[in-house]
Amino acid sequence: MRSAVLLTARWLERHREEKGVGYLLAVLLARDDLTAEEAAAGVRESLDWLDRKGPAAGAHRLLPVLLGRPELSSEQCARATGFATMLEQRNTDTRAEVQKLRRLFQERTARTDEEEVRQLASAVEWIEENATHAEVLPLLISVLEHPVLRRSEPVGELTGRTVAAALAWLEEHGADVTATRLLQALLGVPGLPDERLGEVVAYSLRWLVRHESHPRGRYLLQPLLSHTGLDDDQFDAGVLLAIGWLRDRGTGTRAYFLLESLLECSGLVAARVRDTVALARTWLTHHRSMPEAGFVLKPLLVRRDLTDGEGEWVLAEAMDWLRAHRRSRAARRVMTALAEHPGIGAADREELLTTGIAWLESHSHSPQSAQTLRSLFGPTHLNVARTRMLVDCGLRWMSQQKPADTWQMLGVLAERSDLPPDRAATVESLVTARVSADPTALDARWVLEPRLARSDITLAQRTKTIAWSFAWLERHRPHGDAHVLLGSLLALKDLSATETGRVVEWSIEWLELHADGAAGTFAVRGAETLLGRLLSLELDAAQVRRLDAHLRERKALGGGASGEAISARRVREDPAFG
């Protein structure tokens, strides 16, 4: 350890003006094995640093350690005490102002967006003037997470200024344990420019390396792993740090949060998958009886890159867990993943259907009932008796709800082409009655989209569905979810030229309104699928130019570098766009 002390002393001789010196001096003086000469030198260096930097970052860590050193002379003690008094006064003033501004945000009095923006602008201006003070942290987080910041145009500039101030704070205090909360808030800011996101990710990775298995690590690792803007190296670094954290703390009850995030990552290489599955098995060994085990079992069931042995183990583990928790609300997530799993055996599927129907009957008001029924139909056709049981379950569920709350369930039934004739007639009658009464109802899309995808309906039924879809789009096409219905219409071969032209125009308008070309936009908002449909058609020159001018490549979506404009003519031939 003597060599570590000597190396620290040499580093300080060369880098005494760099960031983080206060923290390093605090660590050095906290040692109880310093020689008298080393301790005296450390005290002198610390006082000189405080003379130069005053209440800079690290002073709050250094001063308590410095004042506790027995080697301090009376004069040195007086100097250190003076710095501590000055720091405490400044911190007291800063904390008071932070609390005042935060109370303004928390007031329940009604304010317009303009008033909120003015208040935010005032707070941001104060933050910019005090950005390097450690006590500013709670206010920075409050501003970054304020809902108004994400709504109107002037606010975009305020967000940018707040992010810049947050990065200035991290430059001073990024090594501090408390930095995780700010890093979480920054990772949650939508649309961060690449340069800013790179800085946030770099600070996050540095913090995680410095603090390794600190309990706060999982709060930072979760948003980091789920962020769509990481490059391959950043993602792999985050995965390795998450695996390291779980090796140290992965048997704790709440480690399932991070295990779930890691298991949901789609870009894991085979070696990382093996590590993660092993960690999940260890956690389940300790906690398999907990309801929260479902948060680990579901992403394990969804993964298709497990070995045969891992897959068999997960299916058996999940069925055992479901038998113990079949009546709980938490059972749904594991039950649906099992129902959609291609490897489930016939006997387990029979048991699962019985459990699923009982669950739907006892949770008749669950907002996830429709998705649960769809999952229970499974990836393959069931026999007539089982299909009838599921349809009857769905119809009973609908009879117990308000009509306005049944659109999704009706859509699940309407998309099935394998219903027994009598049940198919019942569902057809419900669809006709509900949609013809109000085809422009916002939730009617839950029925229209699967209806358009069916190739077995009659020409008259298809014609009616197309007319209903056009009525819906006339009213709702700016709506963020309109792209699914637009894509379904673009896939049809029997639209007239006039109808196709209208749908193409509406689709381009939707892209212009909702897609900014970022990778997350394509994946989450559905722009990629809609673009693929458009580019499978013959577009005129003006339409091609509009697509060229609007859409941008990210993450090599079309094979080029980030920021390069997509050529609609080139992308039309790219299989990645369907």
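User: Which side chains meet in a salt bridge with Asp418, and what is the N to O distance?
Analyst: In this predicted model, the side chain of Asp418 meets that of Arg416 in a salt bridge, with 2.9 Å from N to O.

User: And are Asp418 and Arg416 buried or exposed?
Analyst: Asp418 is buried, and Arg416 is buried as well.

User: What else is in contact with Arg454, if I leave aside neighbours within four places in sequence?
Analyst: Arg416 is one of the residues in contact with Arg454, and the others are Ala414, Glu415, Ser417 and Arg462. Arg454 itself is found in the loop between helix 23 (445-453) and helix 24, and at 16% relative accessibility Arg454 counts as buried.

User: Why does Arg454 count as buried at 16%?
Analyst: Because the cut-off for buried is under 20% relative accessible area, and Arg454 comes to 16%.

User: Back to salt bridges, how many does the structure hold?
Analyst: The structure holds 29 salt bridges, one of which joins the side chains of Arg396 and Glu361 at 2.4 Å, N to O. That pair links distant parts of the chain, with Arg396 in helix 20 (residues 384-399) and Glu361 in helix 18 (residues 346-362), 35 residues apart.

User: How accessible are Arg396 and Glu361?
Analyst: Arg396 is partly exposed, with a relative accessible area of 36%, and Glu361 is partly exposed too, at 34%.

User: Which residue forms a salt bridge with Arg477?
Analyst: Arg477 forms a salt bridge with Glu474, and their closest N and O atoms are 3.6 Å apart. Arg477 is partly exposed, with a relative accessible area of 23%, and Glu474 is partly exposed with 44%.

User: Switching to rings, how many aromatic pairs does the count come to?
Analyst: The count comes to four aromatic pairs. Phe470 and Trp506 form a tilted pair, with 5.6 Å centre to centre and 55° between the planes.

User: Where do Phe470 and Trp506 lie?
Analyst: Phe470 lies in helix 24 (residues 459-476) and Trp506 in helix 26 (residues 497-514), so the pair ties together parts that are 36 residues apart in sequence. Phe470 is buried, with a relative accessible area of 7%, and Trp506 is likewise buried, with 7%.

User: How many of the eight residues of helix 13 are buried?
Analyst: Seven of the eight residues of helix 13 (residues 256-263) are buried, so helix 13 is largely enclosed by the rest of the structure. The buried residues are Tyr256, Leu258, Leu259, Glu260, Ser261, Leu262 and Leu263.

User: Which helices do they pack against?
Analyst: The buried residues of helix 13 pack against helix 11 (217-226), helix 12 (232-249), helix 14 (270-287), helix 15 (294-302) and helix 17 (331-339).

User: How many residues has the largest nonpolar core?
Analyst: The largest nonpolar core has 141 residues, and those with the most contacts inside it are Leu170, Leu182, Val296, Leu300 and Leu338. Not counting residues up to four places away in sequence, Leu338 touches Leu301, Leu315, Ala318, Met319, Leu322, Ile344 and Leu352. Another core, of 19 residues, lies apart from the largest one, and Leu25, Leu47, Leu72 and Phe83 are among its members.

User: What about disulfides, how many are counted?
Analyst: The count comes to zero disulfides. Of the cysteines, Cys77 is partly exposed, with a relative accessible area of 32%, whereas Cys393 is buried, with 3%.

User: Last one, where is Leu459 found, and is it buried or exposed?
Analyst: Leu459 is found in helix 24, and at 64% relative accessibility Leu459 counts as exposed. The C-alpha atoms of Leu459 and Asp494 are separated by 9.9 Å, with the two residues 35 residues apart along the chain.

How values were computed
Residues numbered from 1 in each chain as written. Predicted model: local features only at pLDDT ≥ 70, side-chain atom pairs only at ≥ 80, totals over all residues. Heavy atoms only, no water. Salt bridge = Lys/Arg side-chain N within 4 Å of Asp/Glu carboxyl O. Helix = DSSP H or I, 4+ residues; strand = E, 2+ residues; numbered from the N terminus. Buried < 20%, exposed > 50% of the residue type's maximum accessible area, 1.4 Å probe, protein only. Phe/Tyr/Trp six-rings, centres within 6.5 Å; stacked < 30°, edge-to-face > 60°. Core = buried A, V, L, I, M, F, W, Y, C linked by side-chain atoms within 4.5 Å. Contact = heavy atoms within 4.5 Å. Disulfide = S-S within 2.5 Å.
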